[in-house]
Amino acid sequence: MTQTLDTIIIGGGISGLTVAWKLRQIPDHSFLLLEKSTRTGGAVVSCSKAGYQAEAGPHGYLDNCRQSRQLLQETGLDKECIKAPLANFVRYVCIDGDLKCIPQSPPKIIAAPLISPLAKLRVLADLWKKPLTGEPTVSEWVQYRFGKALLPYVDAVFTGTYAGDFERLLIDAVMPGVRQVEKEHGSVIRGLVKKKKVARKGSPKGKKKGLPAMTSFPAGMERLVQRLGEDLREGKEILHSCGVSRCRKDGSHWLVGTGKGQFRSSNLVLAVPVNAALSLLNTISDNAPQTAIPEGKIVTIALGFGKDASLPPGFGYLAPEQEKRFCLGALFSSNMFPGRAPKGHILLESLVGGRRHPERLNLDDDTLISKAVSDMKQLLNLPGEPAYAEVLRPKGGIPQLEAGYPALLAWRNELMQQKKGLYITGFGWEGIGLNEMIKTAFRVSDAIAAGLQDKTEAAQEVKKIYF
Ligand SMILES: Cc1cc2nc3c(=O)[nH]c(=O)nc-3n(C[C@H](O)[C@H](O)[C@H](O)COP(=O)(O)OP(=O)(O)OC[C@H]3O[C@@H](n4cnc5c(N)ncnc54)[C@H](O)[C@@H]3O)c2cc1C
């Protein structure tokens with residue numbers, strides 16, 4: 001007999017687990033989370049070996065999202081989490097083969113000798129430039145508004161977040177809030193100054209918002225997803241090894257087909273990455289503007305070194321494409337979170353591949369390690385051989401929001417309005433970071449609790465850039 005529930009959630013990554021966490025709080029609401037793998041957590045995978053604590057997926061997230069802070073409190077993880085405040089750290093961008101220190105606050109960045117005085121004046125041309133029409137790439141848009149001197153730094157930002165190619169990522173897709181400011185105020189600088197004034201008026205006197213902190217856990221990021229899933233009862237609220245192959249509307253219900261039978265529900269939440277969602281949605285709608293979007297795949301090469309090696313202070317570095325380096329950058333993990341390496345040792349995690357260099361992922365582990373080590377030895381004090389070296393290969397890639405993405409998002413929003421009880425969230429739909437996944441999962445569960453269709457927010461948040 002087909003089991004009938006209030007809500008079925010497809011996907012047990014942070015998105016699906018957060019929706020499940022919130023639905024448990026609704027009295028008498030029955031739900032079932034279907035996860036195709038034997039484990040929950042999706043892209044969040046921590047690796048502990050020989051006293052080193054590394055990550056195959058996310059290394060942490062900033063504590064500047066209300067919903068993420070609330071989730072930490074509700075789960076009690078606020079008492080366990082560890083934080084690395086941005087105010088205490090610098091980051092580096094590799095320019096001309098050297099690591100240049102990037103301060104963390106905008107006034108300090110402008111004051112720093114990163115670009116010439118003339119290039120700084122060119123940044124101000126933003127005040128007079130008309131909004132750029134069409135769907136420009138990040139690179140085209142930055143060059144038009146602020147000049148080309150900023151390009152290597154912006155490249156570094158999108159290499160670090162999307163493992164992406166800023167000559168293909170669309171500004172409307174990756175920074176919709178900033179684009180909205182440009183269109184509303186005719187200038188990004190003018191718009192941001194106005195917004196800041198309004199925000200200051202509304203905030204309690206004398207209370208200045210500081211920089212956020214990077215958040216993780218002593219045993220790594222996997223602790224977060226493990227906590228979210230630990231109370232879900234197998235067979236009752238969650239089914240592992242239960243991949244969904246099809247879903248369709250049947251009258252007022254959704255029918256979901258899996259290798260473990262068919263399920264029926266009033267609400268259906270797709271909490272999977274964009275491409276997994278698109279392959280399920282083709283049985284619901286046949287007019288998706290795209291059948292798949294590109295992904296940026298990376299490997300993490302975790303390297304431990306003994307007492308002769310040392311890291312500069314800070315979080316790590318990023319290398320823009322013009323530097324032609326093997327690694328996209330590296331995190332100085334044992335600086336960020338002490339305890340990530342045995343006493344007297346350091347841990348750094350370098351990233352290789354990305355949208356521009358997928359061929360590097362075909363290299364065997366030994367080659368990847370030796371190429372990464374020789375690349376980083378040119379930039380850092382790493383004498384001798386690594387005491388620990390491991391290649392961590394995540395299963396999935398990072399969705400790339402490129403040409404056609406705004407139309408795809410508009411199609412998804414329209415579909416959610418047309419199909420009662422359908423909620424589509426997950427990796428790549430409205431951002432790619434953990435904070436965005438948690439925020440959207442809260443919105444979905446609130447809409448389900450209120451018996452409403454999901455409504456995306458009209459006013460886009462202006463995301464701050466942190467290197
Ligand atoms: C290498 C890497 C590094 C990252 N670094 C950071 C970082 O430092 N900070 C940060 O904030 N974010 C980072 N991210 C992004 C972050 O990991 C994602 O935002 C988040 O994990 C996405 O969660 P999700 O639940 O939407 O998707 P996923 O984590 O992909 O989970 C989806 C789940 O759905 C399951 N599934 C898929 N299809 C089906 C199906 N048909 N039936 C049933 N189950 C299915 C999958 O098995 C999986 O468990 C990184 C991502 C990667 C890949």
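How many bridges join strand S5 to strand S9, and do the two run parallel or antiparallel? Two bridges join S5 (residues 61-62) to S9 (residues 213-216), and the strands run antiparallel. Strands here are DSSP E runs of at least two residues; helices are H or I runs of at least four, and both are numbered from the N terminus. Two strands pair if DSSP finds at least two bridges between them.

Some ground rules come next. The model is predicted, so local features need pLDDT of at least 70, side-chain atom pairs count only at pLDDT 80 or more, and totals for chains, interfaces and linings use all residues. Residues are numbered from 1 along each chain as its sequence is written.

Stay with S9. Tyrosine 61 has threonine 215 of S9 as its bridge partner. Strand S6 (residues 82-85) is joined to S9 by four bridges, again running antiparallel. Here lysine 83 stands opposite threonine 215, and proline 85 stands opposite alanine 213.

Angles run from 0 to 180 degrees between N-to-C directions, and axes are lines fitted to C-alpha atoms, for helices over the stretch in contact. Inside the sheet, S17 (residues 329-331) and S18 (residues 346-353) run antiparallel and are joined by three bridges. Alanine 330 has serine 350 of S18 as its bridge partner.

Contact means that the C-beta atoms of two residues, placed from the backbone, lie within 7 Å.

Next, a pair of helices. H1 and H10 (residues 222-229) pack at an angle of about 40°, with their axes 9 Å apart. From H1 come Ile14, Leu17, Thr18 and Trp21; from H10 come Val225, Leu228 and Gly229. By class, this contact has five nonpolar, two polar and no charged residues. Ala, Val, Leu, Ile, Met, Phe, Trp, Tyr, Cys and Pro count as nonpolar, Asp, Glu, Lys and Arg as charged, and the others, Gly among them, as polar.

Which residues are closest to the ligand? They are Gly11, Gly13, Ser15, Gly42 and Pro58, in a shell of 36 residues. A residue belongs to the surroundings if its C-beta atom, placed from the backbone, lies within 6 Å. H1 (14-23), H11 (274-281) and H15 (434-450) each supply at least two residues of the shell. H1 gives the largest share, three residues. The shell has 20 nonpolar, 14 polar and two charged residues.

Last, the domains. An automatic or database assignment sets their bounds: domain 1 (3-43 + 223-293 + 401-450), domain 2 (46-87 + 295-399) and domain 3 (105-201). The ligand shell draws at least three residues from each of domain 1 and domain 2.
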